[in-house]
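Hi everyone, thanks for making time this morning. I'd like to walk you through one structure, so please have a look at the screen.

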Amino acid sequence: MVKSLSQLKEHILAELADAVTDSTIANDELTLIVAANDIVEVLSFLRDDPGCSFKILVDLCGVDYPERAPRFDVVYHLLSISENRRIRVKIAADSKIPVPSIISVFCVADWFEREAFDMYGILFSGHPDLRRILTDYGFTGFPLRKDFPLTGHVEVRYDDEQKRVVYEPVKLVQEFRDFDFMSPWEGAKYILPGDEKADNDGDVGTPKK
């Protein structure tokens, strides 16, 4: 029976030396970096090995690094109830080459993988029904990518004349405001419009003598 994270790490690396490319322990959490083609083998081992017993897939999510190639990480969070511990497994992915689906290992990954596809555009080979799950089927783009515009590409409204929901290009009635993120307790270093009591040295709120 594996008792510590360091022992667990050594145990996994001894069995999966060719599949695990890197591993770290930080904040009492073990993270494994795995080649995408080996993810099914690794997760099957973590589930079935008596020293691991990670029987539950808690979450599967994407992470976007636009400046990096490959651009995405797919992150798997597993839970072992019998051992009372968690583990994180990461693989790198891009928007063109699919990564293997893990539905054969954890059937709950079905909707998790659909969400990663919907939000990031990550493809999963072997998925039985890879389609959007949170957005409309005709939605343009992937909302959680960091280069996706904050306003989106289209807006939705109900048209009384057509008696249906219509999609239109986003129309902004005003420009986004610029914020200086200064503390309101310190006060602005510049004179605010309409503040006639500001003195010449720029100290707002100080009456002139």
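Predicted model: local features only at pLDDT ≥ 70, side-chain atom pairs only at ≥ 80, totals over all residues.

Residues are numbered from 1 along each chain as its sequence is written, and side-chain values use heavy atoms, with hydrogens and water left out.

The patch itself covers about 480 Å² of surface and is built from Val154, Val156, Tyr158, Val165 and Tyr167. The elements giving two or more residues to it are β8 (154-159) and β9 (164-169). For the record, a patch takes residues with over 30% relative accessible area and no salt bridge, joining nonpolar side chains (Val, Leu, Ile, Met, Phe, Trp, Tyr) within 5 Å and like charges within 9 Å. A salt bridge here is a side-chain nitrogen of Lys or Arg within 4 Å of a carboxyl oxygen of Asp or Glu. Areas come from the Shrake-Rupley method with a 1.4 Å probe, and for residues only the protein chains shown count as cover.

Tyr167 sits in strand β9. Why does tyrosine 167 count as partly exposed? Because its relative accessibility is 48%, and our classes are buried under 20%, exposed over 50% and partly exposed in between (1.4 Å probe, protein chains only).

Stepping back, the chain has three helices and nine strands, in the order α-β-β-α-β-β-β-β-α-β-β-β. Those are DSSP runs numbered from the N terminus, helices being H or I with at least four residues and strands E with at least two. Of the 209 residues, 34% are buried. The chain exposes about 13700 Å², with carbon and sulfur atoms supplying 53% of that.

On to the inside. In soluble globular proteins, nonpolar side chains tend to be buried together. Here, the largest nonpolar core has 38 residues, and Ile12, Leu32, Leu43, Leu46, Leu60, Tyr76 and Ile102 have the most contacts inside it. Elements giving two or more residues to this core include α1 (5-15), β2 (29-34), α2 (39-48) and β5 (85-93). By core I mean buried Ala, Val, Leu, Ile, Met, Phe, Trp, Tyr and Cys residues joined through side-chain atoms within 4.5 Å.

Let's zoom in on α1. Its buried residues are Leu5, Leu8 and Ile12. The face turned away carries exposed Glu10 and Ala14. Covering the buried side are elements including β1 (20-26), β2, α2 and β5.

Who are the partners? Beyond four places in sequence, Ile12 touches Val20, Leu30, Leu32, Phe45, Leu46, Cys52 and Ile87, where contact means heavy atoms within 4.5 Å. Leu5 counts as buried at 17% relative accessibility.

Finally, a contrast: lysine 96, in the loop between β5 and β6 (99-100), is exposed, with 72% relative accessible area.
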